[in-house]
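Open the model in the viewer and keep the sequence panel beside it.

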Amino acid sequence: MRFHSLPKSKRYPENESEYAVVLERYNTVLDELFAGVDVYVIIPVWAAEAEVPSSGPDGGYWRTLPVNDDPDPEFRTYWHLFAARRPWRYGCLDERLRDVADDKVAGVLVTDTQMRRLYHPYDGGADVFLASPEERDRMRDRHADWLSSHPLGF
């Protein structure tokens with residue numbers, strides 16, 4: 001399911017009032033998904049080299065995935081994934097979520113430790129993957145105003 005982070009599907013916040021709306025929407029859904037549990041926050045670092053960067057964003061190195069596994073080494077690219085486990089608290093990711101909203105960082109994932117629910121914020125909204133269709137439908141109905149008006153939900 002896809003939620004938009006600003007009214008009328010506006011993509012980027014332009015002032016503090018709009019940042020407040022974006023963070024409230026991100027945090028409301030995150031809190032519904034993860035209140036009272038630990039989460040993994042996973043952040044990819046894109047690179048043209050297979051070698052893991054000496055330092056990464058929040059958390060420690062987890063694994064590397066090929067993004068483009070071209071036979072020519074000159075065209076191979078990788079995502080080096082860094083992960084941190086932390087207790088979820090409303091607002092605890094605000095700095096990182098603000099960077100996501102500004103498209104300064106991309107590919108962030110938040111998931112419970114069993115990886116049954118997944119939250120992927122991006123500039124303009126968030127994709128949410130839930131454990132069951134019934135759970136999805138309940139969340140969709142609670143936040144119907146945040147859904148796209150596009151027939152395919154984009």
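A contact here means heavy atoms within 4.5 Å. This is a predicted model, in which local features need pLDDT of at least 70 and side-chain atom pairs count only at pLDDT 80 or more, while totals for chains, interfaces and linings use all residues. Residues are numbered from 1 along each chain as its sequence is written, and side-chain values use heavy atoms, with hydrogens and water left out.

**Stop 1: I42.** Select I42, which sits in strand β2 (residues 38–47). Strands are DSSP runs of E of at least two residues, helices are runs of H or I of at least four, and both are numbered from the N terminus. Which residues does I42 touch, leaving aside those up to four places away in sequence? Show W62, L81, F82, A83, G107, V108, L109, T111 and M115. Now draw a C-alpha to C-alpha distance from I42 to L109: it is 5.1 Å, across 67 residues of sequence. I42 counts as buried because its relative accessibility is 5%; buried means under 20% relative accessible area, exposed over 50%, and partly exposed in between (1.4 Å probe, protein chains only).

**Stop 2: the whole chain.** Zoom out and colour by secondary structure. The chain has 3 helices and 7 strands, in the order β-α-β-β-β-α-β-β-β-α. The radius of gyration is 16 Å, close to the 15 Å from the globule rule for 154 residues, so the chain is as compact as a globular protein of that length. That radius is taken over C-alpha atoms, and the rule is 2.2 Å times the number of residues to the power 0.38. Along its principal axes the C-alpha trace spans about 45 × 35 × 30 Å. Of the 154 residues, 38% count as buried. Among contacts between residues at least 6 apart in sequence, 65% join residues at least 24 apart.

**Stop 3: confidence.** The chain mean is 92, and 98% of residues reach 70 or more.

**Stop 4: R89.** Finally, select R89 in the loop between β4 (77–87) and α2 (94–101). Is R89 buried or exposed? At 51% relative accessibility, R89 counts as exposed.

Key:
pLDDT is the predictor's confidence in each residue, from 0 to 100.
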